[in-house]
Amino acid sequence: MADDVGWGIVGYGWVARDYMAPGIREAGHRLVAVCDPGEASRAAAEADGTRAHATLDGLLSEPDVEAVYVATPNHLHRGAVEALAASGKAILCEKPMAAGLADAEAMAAAIATTGAFYGTAFDQRHHPAHRTMREDIRSGRIGTVTTIRILYACWLGREWTSRADLDNWRIDPARAGGGALMDLAPHGLDLVDFLLDEPIVDIAALTQSRAQDYTVDDGALLIGRSAGGVLANLHVAYNCPDALPRRRLEVVGTRGQFTAIDTMGQVAGGSLTFTDGTSGLAEAVAFDAAASPFLEQVRAFGSALRRPGERTAYSAERDLHTMRLLARAYGMPPAADAAATT
Ligand SMILES: NC(=O)c1ccc[n+]([C@@H]2O[C@H](COP(=O)([O-])OP(=O)(O)OC[C@H]3O[C@@H](n4cnc5c(N)ncnc54)[C@H](O)[C@@H]3O)[C@@H](O)[C@H]2O)c1
């Protein structure tokens, strides 16, 4: 039986239209209203039978909206989340939590003060392959985990845009807060935390501006170490042709290895393999290949909205720690980061 949550969306662009709205409908929930200053974005919502407001106040006045998904460019997350927290509506905010650490700290403070139910939309936690892998890691199938290796890359040229009416805010440091590292590494850092049940605590990174003609980084290599000593290695990039292999997750242990290919991303499917550490034999691992991470994300958030005991799966403080890791990866002390974003 679906939880039938009434949703609102702030920012009805690419990810909201192509992934979140279908996820809401497929889960049996309702998309009640959106807010977006863009006429074309509002028209797209209205064409699907959804009420569309030009401002957040309009959305806040909708009594049927219980949970709100925030999917604006990164620098606008803070204002929306603060207003939503004050309104008492539940909030699922896209990654990165904010364009800079100072904004994320202010958001976490607002959530703590109001007691709002808040989650960052780390959809990769909800990919069925990743959930299966997590359970198998916990049951000891690969022994002691030693290393996680992630490749998550794409091609993002200057002219890239999600829609003809929207510009490429991802290459604008003021709106994005960074480049490939800021946009793509949050997924991997959070996934490591999810798979291990412990955060990365030490981090270092090198960025590059190698193949694209804009100022934000177009690639980065990160190395991290979890609280328990697992090493993580992330390669993120905006300079990798989409036709190349570019979405790979490996979890290595003393008794075996999981390899997930094409599971990172917004869509269902991909493959998951277990390789035995003694025989070297590889076998496919079954998971629900039909359920997208966005569908499962909607279900999980709706369920936690209805059953407060499940809200421990969400933590603004944990997500703030991920923002601190990103700032450290960029070599930014908190004060410099605050100055860069105000
Ligand atoms: N989890 C994922 O896999 C994933 C994928 C894509 C994007 N994202 C995140 O989602 C967010 C949106 O990304 P996108 O690619 O959909 O961007 P987009 O440019 O396609 O859409 C952004 C929308 O926000 C609207 N907007 C601008 N100012 C606004 C305001 N003040 N109030 C309300 N709406 C406003 C724009 O008109 C546009 O419709 C970003 O934070 C991005 O990092 C996450």
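Which elements cover the buried residues of helix 10? Before I answer, a word on the model: this is a predicted structure, in which local features need pLDDT of at least 70, side-chain atom pairs count only at pLDDT 80 or more, and totals for chains, interfaces and linings use all residues. Residues are numbered from 1 along each chain as its sequence is written, and side-chain values use heavy atoms, with hydrogens and water left out.

To the answer, then: the cover includes helix 5 (101-114), strand 6 (118-120), helix 8 (180-196), strand 8 (200-208) and strand 9 (219-226). Helices here are DSSP runs of H or I with at least four residues, strands are runs of E with at least two, and both are numbered from the N terminus. Buried means under 20% relative accessible area, with exposed over 50% and partly exposed in between, for a 1.4 Å probe and protein chains only.

Helix 10 itself runs over residues 316-329, and its 14 residues reach 20 Å from first C-alpha to last, close to the 20 Å expected at 1.5 Å a residue, where the expected span is 1.5 Å times one less than the number of residues. Because 10 of those 14 residues are buried, helix 10 is largely enclosed by the rest of the structure; among the buried ones are Arg318, Asp319, Leu320 and Met323. At the start of the helix, a side-chain oxygen of serine 315 comes to within 3.4 Å of the backbone nitrogen of glutamate 317, while just after the helix glycine 331 adopts a positive phi of about 75 degrees.

Let me stay with leucine 320, which lies in helix 10 and is buried at a relative accessible area of 3%. Leaving aside neighbours within four places in sequence, leucine 320 is in contact (heavy atoms within 4.5 Å) with Met97, Leu101, Ala104, Glu105 and Ala108. Leucine 101 is 219 residues away from leucine 320 in sequence, yet their C-alpha atoms are 7.9 Å apart.

Strand 1 (residues 6-10) and strand 2 (residues 30-35) pair in the parallel sense over five bridges, and tryptophan 7 stands opposite leucine 31 in strand 2.

Definitions and conventions. Polar contact = N/O pair within 3.5 Å; in protein donor to acceptor, adjacent residues only side chain to side chain. Pairing = 2+ DSSP bridges.
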